[in-house]
Amino acid sequence: MKHQQQEWLSTPKLICGLMSGTSLDGIDAAIVEFSVQNGKHIFTIKSHTTIPYSPEFRTEITRIIEKKSTIADISWLHFAISEFHAIAVQKACELAGITPHLLDGVGFHGQTVWHSPTPKKKLGNSISSTLQLGSPSVLATILGIPVVGDFRSADVAVGGQGAPLVPMFDANFLREENRSIIALNIGGIANITLLPALDHNGSIRAFDTGPGNVLIDAATRMFFGKQLDSNGAFAAAGRTVGAMLTQLKNHSFITKVPPKSTGREDFNPTWLQKRIRTTFQPSIPSEDIVRTVTEFTAWSIAENIRLFADTSSKIIASGGGIHNKTLISMIQKELPNTEIITTDAIGIPSDAKEAICFAYLAYRTLGGLPGNIPTVTGASREVKLGVIAFP
Ligand SMILES: Nc1ncnc2c1ncn2[C@@H]1O[C@H](COP(=O)(O)OP(=O)(O)O)[C@@H](O)[C@H]1O
Ligand SMILES: [Mg+2]
């Protein structure tokens, strides 16, 4: 094993990372070359792309999360998601000017349809679980290259939350010598990684802060019939509904002490509808609702940073949410002393960051290296993440 590991790490490796997050907007793919220089991992991005899910495909996935699917539907999706990811890999390869056979591996996150890190008591056992659909074996066979998948299970099996896993990337590539960094990803759900300055040797922590785009998307869909609030334009045109904002803020997850993780199980369109019902009036302009939900989202991110992080850190933001200018400026207003930049400013395309992270985790697994950070996930030890399917 040691020998295999050294051999893997001795030459540059080309990996395609694949991520499809809680927003259910589609698949992000990134082709990244990793190598070792002076004992440190380095990377170069060769291409990245997003393949959107069609509204019908998204509905199929939401039906599972809402417990409306049959086992036949779930099995069908397990394979359909794999085939869809193959298209994403092929597209990313085209953009990089290579064929899939030139890849050394793929990191396939899969589509999360259930995430339950808190142990559930049943049949005398207390078991935590998480489920990402998509078969590494199907993808490896279609592409003819090794695929790493099922990244979260090993960490859950040793008592971890199975999330977040991105901090391994952040720790290796975003940490700074003498300034603490907060890596903020605004996907469907928002999460932060706290990276103390290297000269401080504090431990790395990371957790979900609550909703990212999920409620903004839901409000925009409900009131405008649109998929997203493009650049935050609706929110910018509205005014905050104070009573509604107070209702939204009253969710125990936001101020809960980390480690913590959440998902569509907690924050979803149904939850939003219930929460705003008592303060909703037909006379309220739709823009005001979207603005209020955006304000809540910005507050929830900022409140977690105020409560659990150092506000003099620099925030390096990524994820689709950074395109929502109103959201970002609200976060900045909440945290006036915190510098906010995006990963683009340091050469990492913000839309592709999580796909790049999963390429890195696959690189580590294929090289026999652990991928979780126990202080982050709560796992009892470091573990190699995932299963490797060979073609
Ligand atoms: N131009 C834009 N304006 C506003 N919001 C955007 C824009 N582009 C993307 N988004 C938001 O980003 C989300 C996708 O973010 P992403 O990082 O892919 O999340 P996830 O990892 O959960 O899939 C979309 O659902 C949308 O809310
Ligand atoms: Mg996405």
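## Around the ligand

By class, the shell around ligand 1 holds two nonpolar, 14 polar and four charged residues. (Ala, Val, Leu, Ile, Met, Phe, Trp, Tyr, Cys and Pro count as nonpolar, Asp, Glu, Lys and Arg as charged, and the others, Gly among them, as polar.) That shell has 20 residues, and the closest are Gly-21, Gly-187, Asn-213, Gly-320 and His-323; to be near the ligand, a residue needs its C-beta atom, placed from the backbone, within 6 Å of it.

This is a predicted model, where local features need pLDDT of at least 70 and side-chain atom pairs count only at pLDDT 80 or more, while totals for chains, interfaces and linings use all residues. Residues are numbered from 1 along each chain as its sequence is written, with chains lettered from A and ligands numbered from 1 in the order in which they are written.

## Two domains

The protein chain splits into domain 1 (2-162 + 351-389) and domain 2 (167-337), with bounds from an automatic or database domain assignment. Both domains give residues to the shell around ligand 1, so the ligand lies between them.

Their C-alpha centres are 24 Å apart. Across the boundary, 21 residues of domain 1 are in contact with 22 of domain 2 (contact means C-beta atoms, placed from the backbone, within 7 Å). On the domain 1 side, H14 gives the most, with five residues; helices (H or I, at least four residues) and strands (E, at least two) are DSSP runs, numbered from the N terminus.

## After helix H7

Just past H7, Gly-225 takes a positive phi of about 65 degrees.

Definitions and conventions. Two residues are in contact if their C-beta atoms, placed from the backbone, lie within 7 Å.
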